[in-house]
Each structure stands twice: as structure tokens, then as C-alpha cells.
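The following exercises examine a single protein model, each with a worked solution.

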Amino acid sequence: MSTRTVAAGATGPRFTSRAADRGRVTFVRVLHAEWIKLRSLRSTFWVLVTAVFLVISLGLLVCVGTVSRWPDMSAGERARFSAPNASLTGLYLAQLAIGVLGVLVVSGEYATGSIRATMAAVPHRLPVLWAKTAVFGAVTFVLMLGTCLVAFLSGQAVLAKEHIDVSLGDPGVPRVVVGVAVYLALTGVLAIGIGAIVRHAAGGIAIVFGLLLVLPEVVRALPSDWQDRITKYLPSEAGQALSRWHPGEGALSPAAGITVFVLYAAVTLAVAAVLLRKRDA
């Protein structure tokens, strides 16, 4: 056997192994691919910018309005006032922006047909869903945590004019600030699950809006005793329990509320995972 043949036989398997490693599908690579897809979407930038703007601007607007009305507010209104929640009022509109983007992250691939290439590259399918969830949830949480901190500090600076501001170190305040970011991130996770189930942008967005906005209004039309039993378990009501400085009477505790909301998101993702394995791409 020639020296060249021996060398080729010795190095051939090693080169084959390296090539196989480069082509192997790992969860880290799927995560990286989903990160590239998320940041390359034009809608990602604009929707996230909108969410940031809503959280900060609406909080400032509420705080400015509160300061202007404070001398004329009744004792009851002053007692019910929550300084940290006032500066973070923008979460009510930001949740809709995050929900829309969460649906689009999944439904956009089905609309363009690129989901076929994704599933061909990751034939086991489920890692794609987990990667989309992890990437979008992490990006949303990190961005919203910074946004909530800016909104809180800006709002308290306005409220300080009437000496009704609070400090970030006051009891319960850090939970409120972090809780808003957690709620918005979980809203995005819930929206991804809905998008994976419906696979259609308009239908998925309608369901997200229905769960977060319409369903609470429907429950308010029920008899009062039914309202008290049902309202606290609604997705938005339960999820926002973590972000309330002083939970109302009969409401779920912060820990119980966020647990219920996590269960909503988990069940939605579980259904999406089952359908993803059963249906064609």
C-alpha cells in the first residue's frame, strides 16, 4: 500500500466525521437560525419599537395627568392610586403589540411557504417550536425589562412634583417592574402557541385580542357573583397579578396569578406541539 493511500485512509474518516458534525442539526443551531429569522423580519423592529414607545409614553401621559389632577382628587382616589402601576400603564397596549408579533413570528412562515424549508432542515419539527418560543420570549423579556425600568424612573420623576413618587427600592416595587416584563414575555409565548395552532395571521391575532380584550368585557356582562369567580382566572387578569403593587380584594396573589398564566401558555404550546407533529407543513 502506498504512502498516499495510507494517508488518505487515515485522514478520510476524520474529515468525514467533521463534515457530519458541521451538518448535524442541534438545538443551539436551531436557536441561532430562529434568532436570524427574528431579527431579519422588518415587522420585528417596528412592532418592538411600538411596544417600547407605548410603555414609556403612555406611562408618562398618565403620570402627568395624575399630577395635574392630584389637588382635586378625593381621598378615596388618592388611596387607590398606585405610583408604580401608573408609570407602567402602557403595558395594556404593549401587550397587544407583543401579541401581534408573536403570532406573526409563526404565521409569517406559513404565509410565505418558507416553513417547508424549515421543517426539511429540522425534520423532528418540535425543536423549531421550542426555539421560536425561547428566542422570542427572551428577546421580549430583556427589551421590556429595560423599557419598564425607563418608564418607571421617568414616571416617578413626574410624580415627584406632588411628592407621590416611590423608589425602586421600596417594598414590592421591583416585583411590579419585573412583573410587567415577565407578563409581556409570557404574552408573546402565548401568542406563538396560538400562531402555531391557527397558522394564519388574521385568525391568530383575532384570538389574541379576544383573550386579552374581549373576554374580560364579556365576563363583565355576567352576574356579579359569576364575575368574582371567573375574572381572576382570565389570562390577562391572572398574568397581571404579578405586576400589581397592591392586589385587589379577592384577586389572585402574584405567585398564583403568574402560575395560572404560565399554565395558559404551556397548554397552548402543548396543543401546538401535538398539531405540529400531526399536520403537514
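**Exercise 1.** Is Cys-63 buried or exposed?

*Solution.* The model is predicted: local features need pLDDT of at least 70, side-chain atom pairs count only at pLDDT 80 or more, and totals for chains, interfaces and linings use all residues. Residues are numbered from 1 along each chain as its sequence is written, and side-chain values use heavy atoms, with hydrogens and water left out.

Step 1. Buried means under 20% relative accessible area, exposed over 50%, and partly exposed in between, for a 1.4 Å probe and protein chains only.
Step 2. Cys-63 has a relative accessible area of 0%, so Cys-63 is buried.

**Exercise 2.** Locate Ser-243 and identify its contacts.

*Solution.* 
Step 1. Helices are DSSP runs of H or I with at least four residues, numbered from the N terminus. Ser-243 is placed in the loop between helix H12 (235–239) and helix H13 (254–278).
Step 2. With a relative accessible area of 3%, Ser-243 is buried.
Step 3. The side chain of Ser-243 reaches the backbone oxygen of Gln-240 at 2.8 Å.
Step 4. Contact means heavy atoms within 4.5 Å. Apart from neighbours within four places in sequence, Ser-243 is in contact with Asn-85, Leu-91, Arg-175, Val-176, Gly-179 and Val-180.

**Exercise 3.** Describe the largest pocket by volume, lining and class of residue.

*Solution.* 
Step 1. On a 1 Å grid over the protein atoms alone, a pocket is an open set of points where a 1.4 Å probe fits, with protein on both sides within 12 Å along at least five of seven lines; lining residues have an atom within 4 Å of a point.
Step 2. The volume, which is the space filled by probe spheres set on the points, is about 380 Å³ for the largest pocket.
Step 3. The lining of the largest pocket comprises 16 residues, and Arg-80, Ser-82, Asn-85, Arg-244 and His-246 lie nearest its centre. Helix H4 (75–80), helix H5 (83–87) and helix H6 (91–112) are the elements that give two or more residues to this lining.
Step 4. Ala, Val, Leu, Ile, Met, Phe, Trp, Tyr, Cys and Pro count as nonpolar, Asp, Glu, Lys and Arg as charged, and the others, Gly among them, as polar. On this basis, the lining of the largest pocket has seven nonpolar, seven polar and two charged residues.

How values were computed. A polar contact is a pair of N or O atoms within 3.5 Å; within protein, one must be able to donate a hydrogen and the other to accept it, and residues adjacent in sequence count only if both atoms are side-chain atoms.
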